[in-house]
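Hi,

Here's the structure I said I'd pass along.

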Amino acid sequence: MIRAALASLAILMAVGPAPALADAPKTSLRPIARIGDIPVPRAEPAPAPAPTPAETVVVTEPEAQPNTQQQPDAIRPGARKVGQGLFKSLRPQRRTERTKKQARTVIRQRQKGAVCGDVALQGDVIGRVPGRIKGCGIENAIKLRSISGIALSQPALMDCTTAKSFKTWVDRGLKPAIGSRGGGVAGLGIAAHYACRTRNNKPGAKLSEHSTGRAIDISSILLRDGTQITLLKHWNSKAYGKPLRQMHGAACGPFGTVLGPNADRYHLDHFHFDTARYRSGSYCR
């Protein structure tokens, strides 16, 4: 036993004193939490205010918000104002007394010159026109000077049925066919109107519709820029051939007989329109 103890003591003295036990770490070895992982404490809801005594409660209605979706631009918040803070009026300005007087004068003048109960037909009431031979003449004639603002090269004698058909053709055929060319239509060249004669002036032929005031012949169209379109010169032209054919076709319906340069040699230079009625409908060539 003594020998064993002495041997152990010798070994300890040879190796040296035993190392001291390591001290415990002063800080934790756990990783530091990231900022995003740190739980944010939730704020506690503020305590509800004490109720106000009934006698001091004030009820305030919410302020009305402007409905900018239904309001016009002129009255939306921030819209430009004119004058002393007044919004710009959308209503037209009142006409002056001078403007009203001028308008009344024009209306009276148009009404004074109106025939067949239509202010678009301007002319004079003639009444009965006797014929030199049996079958000629007009019972209730008018002398037409202009139609829907389109002047005629000469006053034309006819009855009201023909005048109204003429107006329909001017509004629905002539004006749309010309359109804005040359500024639009200014006038019509009248080749013939009332005349007590036979068809194509042939001896022994039937009386023409011209002899009863139911026909009108048109040889040219005058534009506002001074251009004159004639059937003799422009029927087959590139510039005006198409609108001339268009207005020729538009006459079928308002008129009973429609003749043009393709009809025969007697109509190479004019349109013949009349209000004769046929059982089979309009005759158009």
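This is a predicted model: local features need pLDDT of at least 70, side-chain atom pairs count only at pLDDT 80 or more; totals for chains, interfaces and linings use all residues.

Let's begin at strand 3, which covers residues 114-115 and pairs with strand 4, residues 118-130, in the antiparallel sense. Two bridges hold that pairing, and Val 115 sits opposite Asp 118 of strand 4. The hairpin these two strands make has two residues between the strands, and Cys 116 there takes a positive phi near 60 degrees.

Follow strand 4 along and you get to its other partner: strand 5, residues 137-147, is joined to strand 4 by eight bridges, and this pair runs antiparallel too. Here Pro 130 stands opposite Gly 137 in strand 5. This hairpin has six residues between the strands, and one of the residues to look at is Gly 135, with a positive phi near 100 degrees.

Gly 135 and Gly 137 turn up again around Ser 211, which touches both of them as well as Cys 136. So where is Ser 211? You'll find Ser 211 in the loop between strand 7 (185-192) and strand 8 (215-223). Is Ser 211 buried or exposed? It's buried, because its relative accessible area is 0%, and the cut-off for buried is under 20%.

Ser 211 also touches Tyr 194, Ala 195, Cys 196 and Arg 197. Thr 198 is 13 residues from Ser 211 in sequence, and their C-alphas are 7.7 Å apart. Lastly, a polar atom of the Ser 211 side chain lies 2.5 Å from the backbone oxygen of Ser 208.

Cheers

Key: Residues are numbered from 1 along each chain as its sequence is written. Side-chain values use heavy atoms; hydrogens and water are left out. Two strands pair if DSSP finds at least two bridges between them. Helices (H or I, at least four residues) and strands (E, at least two) are DSSP runs, numbered from the N terminus. Buried means under 20% relative accessible area, exposed over 50%, partly exposed in between (1.4 Å probe, protein chains only). Contact means heavy atoms within 4.5 Å. A polar contact is a pair of N or O atoms within 3.5 Å; within protein, one must be able to donate a hydrogen and the other to accept it, and residues adjacent in sequence count only if both atoms are side-chain atoms. Lists of a residue's contacts leave out its neighbours within four places in sequence.
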